[in-house]
Amino acid sequence: MKMITRQDCQSLDQQDQLATSRDEFSIADGVIYLDGNSLGAMPRQALSQAYQTVEQQWGLGLIQSWNDAGWFDLPYKLGDRVAGLIGAAPGEVVVTDSTSINLYKALAAALQLRPDRKVVLLESSNFPTNNYITQGLLAQLNPDYTIRYAEADDIEAAINDEVAAVCLTQVHYKTGRLLDMASITDKTHRAGAISIWDLCHSAGALEVDLNACGVDFAIGCTYKYLNGGPGSPAYIFMATRHHNQVQQPLTGWWSHAEPFAFERDYRPTPGIGQMLSGTQPIVSLALVNVGLETFKQVDICALRRKSIALGQLLIDLMEQRCPSYGFDLISPEHAEQRGSHVSFAHEHGYPIMKALINAGVIGDFRAPDTVRFGIAPLYLRYSDIWDAVEILHEMMATGSWQNEIVTNSDDADPESGRRPTRVT
Ligand SMILES: *Cc1c(COP(=O)(O)O)cnc(C)c1O
């Protein structure tokens, strides 16, 4: 393989048609942010939007802002915007609640569509909330329900006519493996089951086409690639053909047909609104809109091409500069089987990542041994990847990562695999 130089990377940056998107984000000098798949970087507009929502809409508009500033309609308005990024139609998505809560609602609705079946299929190594929420819901329902766990290679073989719902994450949070949504959804339907897809690590980084694949339900968060801000509300998709066929269990007043009639008994609003439950955090919802604005001029296919190119660059540079330091690529080698992050296993992954973060290269660690580098193509440069690998090389060559004293305080994030412990 030809040696890749920093100059090569700089000329790729110069030719990059998405390069100007970076200007929409606030990223501190000296930081190479490789964790946009966990918490997206802050769009510059976020501050002025927060200011406007708090100072003007809340401070001055007070309660009138529910109508005047469109607060009440925000879950729908934002849902329609998300729909455009995931191959859904307007009126099929709302932004509300968390991914975990939306999974509960989607799965409960899916199971109502298959009352005679009692098996839910999950990927065993999925991000735990998906397993935990399923376990929690099934414990509420009845003891006949069981979970069938499969690993990625065995999923299609595990789908049969006992399965009510197949609930999978399109891109695996650790390995970055991209599942074939079209093929698995097709298999799911041929077995008579309902498909639910979690798009947390795919939406905003690659093409997702829910309706082309015939997906029934989908969920995902807005704080990763969609740049909605810490803990920002998630979204839920329900295909139009299921609207008014099922009732999700968290039947709060926001999904009532006439929320302001204050009737005693629940009646669902028609359409996707039935997936709402209660009052939403409006300041955070307003910031979701800012995050989605960063995709406004962006062609998702071009974004995917850049994501693949950056990911491949990282893998090639790791081979070129860090071949003998004990990093094993655990992400798929072939770009078309990879989402937008690249992970390596290393027995000292934890202190190495701590040292990298201290040097301004912010990736993350997932227990027991995975260092993970998120590639957010909206704001990463080719030269950032080069610099990151160079810093890692330097650290490994000199052994300086071993100086890292790990303290007991930081790094709780929604996916962090482990609490820090003292390692030296
Ligand atoms: C990030 C992530 C979630 C997040 O769930 P929350 O309810 O926002 O904590 C769920 N599922 C997967 C696969 C994720 O990667």
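The model is predicted. Its salt bridges come to 18 in count. One of them joins D16 and K306, which lie 290 residues apart.

**Salt bridges**
- D16 and K306 form a salt bridge in which the closest N and O atoms are 2.7 Å apart.
- D16 sits in the loop between α1 and β1 (25–26), while K306 belongs to helix α11 (residues 300–321).
- Both D16 and K306 are buried.
- R321 and E390 meet through their side chains in a salt bridge, with an N to O distance of 2.6 Å.
- Because R321 lies in helix α11 and E390 in helix α13 (residues 382–398), this pair ties together parts that are 69 residues apart in sequence.
- R321 has 26% relative accessibility and therefore counts as partly exposed.
- R267 and E263 also form a salt bridge between their side chains, at 2.7 Å from N to O.
- R267 counts as partly exposed because its relative accessibility is 35%, and E263 is partly exposed with a relative accessible area of 35%.
- A network of salt bridges links R22, R381 and D384.

- D13 is part of helix α1 (residues 6–15).
- D13 is buried but has no salt bridge.
- The nearest side chain of opposite charge belongs to R381, 5.3 Å away from D13; a salt bridge requires the nitrogen and the carboxyl oxygen to be within 4 Å.
- Apart from neighbours within four places in sequence, D13 is in contact with A19, R381, Y382 and S383.

**Strand β10 and its partners**
- Strand β10 spans residues 235–238; Y235 and F237 point one way from the strand, and I236 and M238 the other way.
- These four residues, Y235, I236, F237 and M238, are all buried.
- β10 pairs with strand β4 (residues 93–95) in the antiparallel sense over three bridges, and I236 in β10 stands opposite V94.
- β10 also pairs with strand β9 (residues 217–220), again in the antiparallel sense, over four bridges.
- Y235 in β10 is the bridge partner of G220.

**Nonpolar surface patch**
- V54, W58, L62, I63 and V283 make a nonpolar surface patch of about 500 Å².
- V54, a member of this patch, is found in helix α2 (residues 45–60).
- V54 counts as partly exposed because its relative accessibility is 34%.

How values were computed:
Residues numbered from 1 in each chain as written. Predicted model: local features only at pLDDT ≥ 70, side-chain atom pairs only at ≥ 80, totals over all residues. Heavy atoms only, no water. Patch = residues over 30% accessible without salt bridge, like charges linked within 9 Å, V, L, I, M, F, W, Y side chains within 5 Å. Areas by Shrake-Rupley, 256 points an atom, 1.4 Å probe, with all protein chains shown as cover. Helix = DSSP H or I, 4+ residues; strand = E, 2+ residues; numbered from the N terminus. Buried < 20%, exposed > 50% of the residue type's maximum accessible area, 1.4 Å probe, protein only. Lys, Arg positive; Asp, Glu negative; His and termini not counted. Contact = heavy atoms within 4.5 Å. Pairing = 2+ DSSP bridges.
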